[in-house]
Every structure is written in structure tokens, then in C-alpha cells.
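This report goes through one protein model, starting with a helix and ending with a group of annotated residues. Please keep the sequence and the structure in view while reading.

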Amino acid sequence: MSVLIGQKEYFKGIGQIKFEGPESDNPLAFRYYDENRIIAGKSMKEHLRFAIAYWHSFCGDGADPFGPGTHHYPWDVASDARQRAADKADAAFEFITKIGAPFYCFHDVDAIEGHNDPKEFTDRVKFISDIFEKKQAESGVKLLWGTANLFSNERYMNGASTNPNFEVVAHAGAQLKGAIDATIKLGGDGYVFWGGREGYMTLLNTDMKREREHFARMLHTCVEYARRNGFKGKFFIEPKPCEPTKHQYDYDAATVIGFLREFDLLSEFGLNLEVNHATLAGHTFAHECQVASDAGMLASIDANKGDYQNGWDTDQFPTDIYEWAEAMSIILKQGGLAGGGINFDAKRRRNSTDAADLFYAHIGGMDTIARSLIIADKLANHGEMDRLKAARYASFNAGKGADFEVGKLKLEDLYQIAVEIGEPAMISGKQEYLENLLGRFV
């Protein structure tokens, strides 16, 4: 991949980030992410499929409830919305090609500012998607997935697809159409639905049954439209329990899988899991990965981390080797992500205001995940963790245990077996040993 510079260079003095190995002291180099290194039969690039999030990297200004933005972007100064979008695309593809990520992701309003007139906004999305198409061809960067922002506009204060006002639902449909069209045009591998306001603040004014049915109806409508218009990729739903609503209908992996099964959508969708959303739901990231993988639904990842002292979505860059090594073991065991990739849904801290900070953040995140892939592969090759786990369930491999698994035993049979065998022996779960085993490879 060669660096793509637009009308001007926005990240001056920073060249393309290269792999230099664990001994390097260069802060603008990879120590573990070697895209060509072969792990379990595939290159790191193929395993990880890194993507850059358009919204945090090139739009988020660092504002919080207590103060205005601190990130002032030189690509965001033109007076015309289309020119600002074109300048931002120049900056984005310069960064993406300098960091060496093969993919990017976007919401429609990240790519270009929204507009309340659906026709005008559709024209704007077409304008910027033409620019993206050209830049993809010039750089080799691909679209991992697109999505529509159905949570920022004030019209969506009571939801989008689940809004009690059909006129708002119609506007949501119009926006979804434009985002799906752009994703198809740009050859996106997937399309994500994140229902930021598809939930409720109080049940006192909410018909939850009807809202969930409307959400499912919109998903069916979008799938039908996209397939009819040539979309060959995968649809993803991204679970999150709350924020901005009190309760979101896509609460966690298990909830979403149940929802998709209930409304006959399971065959079209996979899950796009976000680390910080698992934290908010009271789960570990590995738990969410395991739930999704067991159901054949672990498809894509939004990489970040939360702050365990805070109860909101802090979207920090991933740095926890243990967390990612455990999750990567699950991903590796299922043969990789099913149709998606690893998107950095993470943002610089408000006081990280240098242009280089965006590089440091992504380098650290990419190295963390690459190192975790190496560890997961070593664990798999070592084999002891898998052997010990299998041994815990050996009593179900033959005899009465095997009969139970296939439904051959009645409740009366279990009673008789319990009488005959007496009190079972206590068998250690060896948790501390297994934690130490993981630590040996980290």
C-alpha cells in the first residue's frame, strides 16, 4: 500500500508506519503487528482485517458535557459542507494509508454533514461516496462496513425504527436507503445496525412489544432492499445495553441472538461486538465472544476498552493483553471472524491534541491485538488448556453421560443413577493454574 496524499498533506512529518519488531524504541513503528507474518496458516493482515473508524478519528472533537471540543481539524474549516467532506476524505485516506490499515468504516453523517431534507442529504452522500470510490481505487483501501447514524438528529430522540411516530420511521428508512446504497456502491463487506436510540427511557409511555416488532420489520425491509440491489455482504447488529437510552433492545449478544431468532432474521445477520459494550452489560469481552461464537454469530469486532471505574462508554484504545488474548483464542478457534474485521471504535483522550497522538493510539491498539493473536496461537499449539477443558467434560463422552446428552435418559433414570453412584468426587476446576498458564504466554 502506498501513501495517498490529497490536495494537501495533513499529517506532515509522519511517514508510513512500518514493522520494526519488539526491540524497537521508535514510537512510530509497530513492534508486533507484522501484516505478512503467518499465524495458523494466514497472515496477520488476513486474520485481523483492521479498519479505521471515520467518526472518532476524523470527526470527534473531544467535547464532553463539561466543555467544548479540543481537537481542531485543519480539514474542517471550509465554508461549504461538500468541500469540508472532500478535505476530510483527503485527511482520512492519508492517515489510513500511512497507518497501513486495509479497511475503514463510516456512518453516513461522518462522511458528510447531515441535512433535514432527505433529497439533499441523499445527494450529499452520493457526492462523498463518489470521492470514496475514487480513493479506494487509488489506494487499495476497502470499506469494511457502512452504517447510518440514526441517533444524533433530534428527530430520533424517541428512536428511529422504533419511534412511536411513523413519520420519523419513514425518515429513518430514507436515511437507511442512502447508507445502504453507498455501502453497495463502495463494495462494503458488511452493513452494521447499531440501535443507539432503539429502546426506551421509561415503560410508562412505551409499547415495547410493538417497538420490537417495528425494529424487526425495518431490518427485514432493509435486508430485502439490499439483496434486491446486489448487496452480497453480511449484515451485523452491534449489541449495547444502554446509553443513550436507559434500555436498548439490542442489550447484549444473547439478547440479540434471541431477537434475531424470534423474528426469523438469524440467517442474514452476524454480531459486531464492542468491548466497552460488553463491560456496560456486566460481561467480559470474552463472554460476549463465546456466546456469539457458540451460536455461529461472531462476525466482527469494534475494538476499544472501557474504564472500569466509570459507568459509561469511554471508547479508549485497547491495551489489555490478557483481555484480548482470551478473546482472540475464541476467534482463532472458530477459524477467524465470519465476514467482518476489527474496527477501532476508539478515540483519543480529550487532552491528546497532537496529530501524532492519533498514530500512537492506533499503533498501540494494533500491536496489542497482534500480540494477542500470537499468544492465542501459542496457547493453541501448546494444547494444555484445551486438554484440561476437554477433560472436565469427559464423563459425557461415553456411557450414561453420553446417553444424557442425546436425550436417552428420563428423570427417573437420573434418580436411579444418583442412588447407585452415591456422592460424586470433588474435581478441581484449576482456575488459578489456567490463569497462570495464560500468564506464561503473555
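Which residues on the other side of H5 are exposed? They are Lys119, Lys134 and Ala137. The model is a predicted one.

## Helix H5

Helix H5 runs over residues 118-139. Its 22 residues should span 32 Å at 1.5 Å a residue, and the end C-alpha atoms lie 31 Å apart, which agrees. The buried residues of H5 are Phe121, Arg124, Val125, Ile128, Ser129, Phe132, Lys135, Gln136 and Ser139. Because they cover an arc of only 135° around the axis, they are on the same side of H5. An α-helix has 3.6 residues a turn, so residues three or four places apart point the same way.

The elements against which these buried residues pack include helix H3 (81-99), strand E7 (142-147) and helix H6 (166-185). Helix H2 (54-58), strand E6 (103-107) and helix H4 (108-111) are also among them. At the start of H5, the backbone nitrogen of Lys119 has a side-chain oxygen of Asp117 within 3.0 Å. Just after H5 comes Gly140, with a positive phi of about 85°.

## Backbone features in loops

Glu243 and Pro244 are joined by a cis peptide bond, with omega about 15°. Pro244 sits in the loop between strand E10 (234-237) and strand E11 (247-248).

Lys430 is not a glycine, yet its phi is positive, near 55°. The loop that holds Lys430 lies between helix H15 (411-421) and helix H16 (431-441). Lys430 is partly exposed, with a relative accessible area of 42%.

## The annotated binding site

An unreviewed UniProt entry lists Glu274, His277, Asp313 and Asp315 under "binding site". These residues are spread over 42 residues of sequence but cluster in space, with a largest C-alpha distance of 10.2 Å.

Glu274 belongs to strand E12 (residues 269-274), and His277 to helix H9 (residues 275-280). Glu274 counts as buried because its relative accessibility is 3%; for His277 the value is 4%, so this residue also counts as buried. The two side chains make a polar contact of 3.2 Å. Beyond four places in sequence, Glu274 touches residues including Glu238, Asp302, Asp313 and Asp315.

Asp315 is in the loop between strand E13 (298-302) and helix H11 (321-333). Although not a glycine, Asp315 has a positive phi of about 50°. Its relative accessible area is 7%, so Asp315 is buried.

Definitions and conventions: Residues numbered from 1 in each chain as written. Predicted model: local features only at pLDDT ≥ 70, side-chain atom pairs only at ≥ 80, totals over all residues. Heavy atoms only, no water. Helix = DSSP H or I, 4+ residues; strand = E, 2+ residues; numbered from the N terminus. Buried < 20%, exposed > 50% of the residue type's maximum accessible area, 1.4 Å probe, protein only. Expected span 1.5 Å × (residues − 1). Arc of directions from axis to C-beta. Contact = heavy atoms within 4.5 Å. Polar contact = N/O pair within 3.5 Å; in protein donor to acceptor, adjacent residues only side chain to side chain. UniProt positions renumbered as here; feature names shortened; annotations may be inferred.
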